[in-house]
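Biologist: Can you put the model up and take me through it? I'll ask as we go.

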Amino acid sequence: MRKPQATRPVAQQLGGIRLSMYLNTLHCLGGPIANQRYIITNVILSVCLQPSPTYPRTSLYFLSETAAAHHLHCALLVRPIMLDLFEVITTSGVVLWSKSYAPVKSSIINSLISDVFIEERNQPGSDGKWFKKDSYTLKWTLAADVGLVFVAVYQSLLHLTWIDELLDQVKKLFVALYGEKIKASGGAKIQCHFDQYFEASLRSLERKAGGSAPIRSANTLPDDPSSEGNGGGLSDGDEWSAPPPMPGVKNPVETPYSSGKSNPLIEVTPSTTSSPVSSATMAQALLQASGRRPGRPRRNRKSAGPSSASSAHASSGEERSPARLSNKPKRGKEMRIWGEDGIAADAGDERKLDYSAGISTDDEQDDSLRPKPEAIDQDTWGTRTSQGDFLLKDLDHEIDGILKEASKAENNGETNQKRPGGLASGLVGGAMGYLRNFVGGKTLTREDTDKAISGVMTHLLEKNVAREAAVQICDSVQTSLIGQKTGSFQSIESLVKLAMEDALRKILTPTTSLDLLREIGQVREAEQRPYVISIVGVNGVGKSTNLSKICFFLLQNKLKVLIAACDTFRSGAVEQLRVHARNLKELSEREGGVVELYEKGYGKDAANIAKDAVAYANAQGFDVVLIDTAGRRHNDQRLMSSLEKFAKFADPDKILMVGEALVGSDSVQQARNFNAAFGKERKLDGFIISKCDTVGDMVGTLISMVFATGIPVVFLGVGQNYTDLRTLNVKWAVGLLMS
Amino acid sequence: MATLPVFEILGFPVSLPILVISLLAVIIIPIVLGKLLASGSKSGPSSVILLAGPRDAGKTSLLLYLQEKTLVPTQTSTTPATIKLSPSVLSPTDSQDEGTSTKPFHIRDTPGHSKLRNTAINTIVQPTESCIGVVYVIDSAVLSIQARVTETAEYLYDLLLAIQKRYATLSETSTSAESVPLLIACNKNDLFTALPSAKISNLLQAELSRMKETKRKGLLNAGAGENDDEDLDFVLGDAASDQITWEGLKEFGVDVSVQSGSVKGGAVDGWTSWMSACLDA
């Protein structure tokens, strides 16, 4: 491990691309020819692929010169890592194992857990398959039976096609290796020495992707020119075996290379299994899309001498190196070695590289230096190789075995369920299964729960839950149940019902404090300004009625309330509020509350009136401003667009949307449209569900609206009187829904 | 071939093997069923210390610190975890003073996300569940932000109310009801912005008082009065006054203490000695 710092700063200069550096022994690259030249290949390549190369090529020359000048005796490999972080977490929050290739804030995964797993808010378009945060994309898979979450984090710029496969493979491996231990530990930390398994899986998948991905990548490149530079290019290259191809590879002269393999004297040689066509296609796409350096001279083969074939075994202790040796024949792409000038390239598989020490014509290093490192080289090379190979083979076999077993077990489970082997065993199995239905201890599969789930779904639909919401809730409940065991004398139905109750409770439980009085007090104390609440909703749902109910509640608490009549459209709206204000004034005189109506007639811009009302309230020392707005249809763009301006002008502390309990499947869309109407920064703060007294126990609208948006229910309207306003009691609502 | 003896039961001829097999079946089936049942129904763990608190306060870290004696990376929990520990983990690292009891105890870590808080509340409210102490872990470095104080106090209010309810239910049935002590563990005091425990104690008492006041003035729950829930007239502490103090809560079976510490800095001795006091009690 000598002088790893020599190239590190240069690597870090390449800001756009994250490079991790690995010290690697010479033979890991396949032969004595592979030295720091290899680094240079990768680095230059990376820069070439950058959309806007901020670092001129001269700096790269500097790199190569530095490297040459130092005569590093170990091969430094600059590895563009595609994965940033891989973590295995228990549901109780313990990070059992993690592998980080680049620093990632832990809040990234935390927000995945709280948004997707707890609050079940999938990002639009993700379909619950990915999660984007900052510049990262997260993918995950769950192992419900052992309570594990596998999360992979990578830069959103990269299109990694093999992440799902990796997650799946790692999940199988991890569960097979540590599943029992985890179950026994009951949520405690256990020691996992998983690094080698993970590296091997990652490697094999990358290798696989290296062979097949380029074509796909070439297709996607033109779509996203900004990402192709470091995204498409890097994601395809298996950085151990082959650097991504250079722009300009597509060239008639390229064709001889493919046949050049037979001749060891030709330095530029693709590996046996590499597909020059696909890499060329990709390179062409790169070239076309980036439109950079079209006239760039082709790679200069002459000067591609393997300059410093120094031996590199200083880092022989590194544990990862053997893994890299895996499956030499499977190498996906040719390796290129860059000459001093940064242009010349040399490609060859490791076998070629083995010979290259003998045949190479080093132009910048004096030959006297060469034999000595070579001798040392061969000495350690052999033992190390055999050692490495043995270790690797062992590991690969083990992994294969585990995966096979896992898939076998899966298949067994399926066939067992469908068609039991013999008649006798079938009978016994059937009898036991039947018994377990009653006695408990049955491990649930999707098929087992189907019936119970569809029953619960019908029940939800009968409770007026919108179909969209019901389907999604049932889906997530079903997924969470798979792999669980029924308790003693617990039927599947009761388990499903319990899980559904939990899910509903989770949906309805608010994440923020809904204590309006305390918030008003805090705002008054801290900021000396009125607390502004505005009320929106579809026509005729009871906006003014609920506003006056809230007003009455505030007045009872001796607050000074200003009602702003911002419904300047419907005739009679202002008069209606005036009646309410008069009534409330009479009612609250004894209590000590003060209420006033702020009105500016009809036809004016509502946003301006709201703004004026807030200013007036501020000047007059009101505690609360309640803004009534015109009812609008949620699917009418013209009417909805004015809400954004309204939110900006009035800047309410709370925007509450009134929804009828009577509304059926439209509730989801209403909630979504209103939630999106206030612009990017502003969202709804809560719902008021009105007319709850008219629906009895069919309070499904509560669930539909909250589920669609993740916004809590603040109030329920339960009658015609001023006092008929309630806060939501989650236990009560869940009880009604499940009754 | 000797003929097997044939018995006659209720007029039916029954051969010996059949008789033996049926007798065996009669004996074995209940045993098997009983085993199946016994494996399914485990009685809840005894001597449970509950870890509760808002998100990102360090509950899971504390738990793992007690278990592993090192800082283990954690993420947001979504499920509770109960871990069995021996009392020796609570004794300070340098002193060899073993606790009086050597019976293992359990620590239950609960998720802090506001949607998942009812696991902790349920553990306390159920009088059948064992709960010998509650450690309310809070992040003392964020309490300079009012919103976080509110969040912290809100969860604490629910927990204290649950403890009070448990005490009330237990004292109805038995004369010597044991109260559940609660420790407010002000974690992360190694950070620069961390407030001292005395300050936090005052902040939380003031916030709880305000919370009690607004709860009293606030609207009724939906469904209140329908199935005459006993939650209705249940307020934390003294019904006559809105002021909440730790001393005032004592007579309602809520014993609160506050201690600073830091999992990251390894300063958990105060908390562990509190826990061993719980175990000894």
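Modeller: A term to begin with: helices (H or I, at least four residues) and strands (E, at least two) are DSSP runs, numbered from the N terminus. This is a predicted model, where local features need pLDDT of at least 70, side-chain atom pairs count only at pLDDT 80 or more, and totals for chains, interfaces and linings use all residues. Residues are numbered from 1 along each chain as its sequence is written, and chains are lettered from A and ligands numbered from 1 in the order in which they are written.

Biologist: Which residues of chain A does UniProt list as "transmembrane region"?

Modeller: The unreviewed UniProt entry lists residues 698-718 of chain A. UniProt positions are given in the numbering used here, feature names are shortened, and annotations may be inferred rather than shown by experiment. In the model, residues 698-718 of chain A are 48% helix and 24% strand, with the end C-alpha atoms 13 Å apart.

Biologist: And which residues of chain B does that annotation cover?

Modeller: Residues 12-33 of chain B, again from an unreviewed entry. That span of chain B is 82% helix and 18% strand, and its end C-alpha atoms lie 29 Å apart.

Biologist: Switching topic. What is the strand order in the open sheet of chain A?

Modeller: The five strands run S4-S3-S7-S6-S5 in chain A, with antiparallel pairing. Two strands pair if DSSP finds at least two bridges between them.

Biologist: Which strands stand at the edges?

Modeller: S4 (95-100) and S5 (130-133) of chain A; each has a single partner strand, so one side of each is left without a neighbour in the sheet.

Biologist: How many bridges join S3 to S7 in chain A?

Modeller: Seven, between residues 83-90 of S3 and residues 148-155 of S7 in chain A. Ile89(A) stands opposite Val149(A) of S7(A).

Biologist: What lies across S3, S5, S6 and S7 of chain A?

Modeller: Helix H5 (residues 106-118) of chain A, running at about 130° to S5(A). Axes are lines fitted to C-alpha atoms, for helices over the stretch in contact, and angles run from 0 to 180 degrees between N-to-C directions.

Biologist: How many residues of chain A are in contact with chain B?

Modeller: 44 residues of chain A, against 42 residues of chain B. Two residues are in contact if their C-beta atoms, placed from the backbone, lie within 7 Å.

Biologist: Which element of chain A gives the most to that side?

Modeller: H5(A), with seven residues. S4 of chain A is among the elements that each supply at least two.
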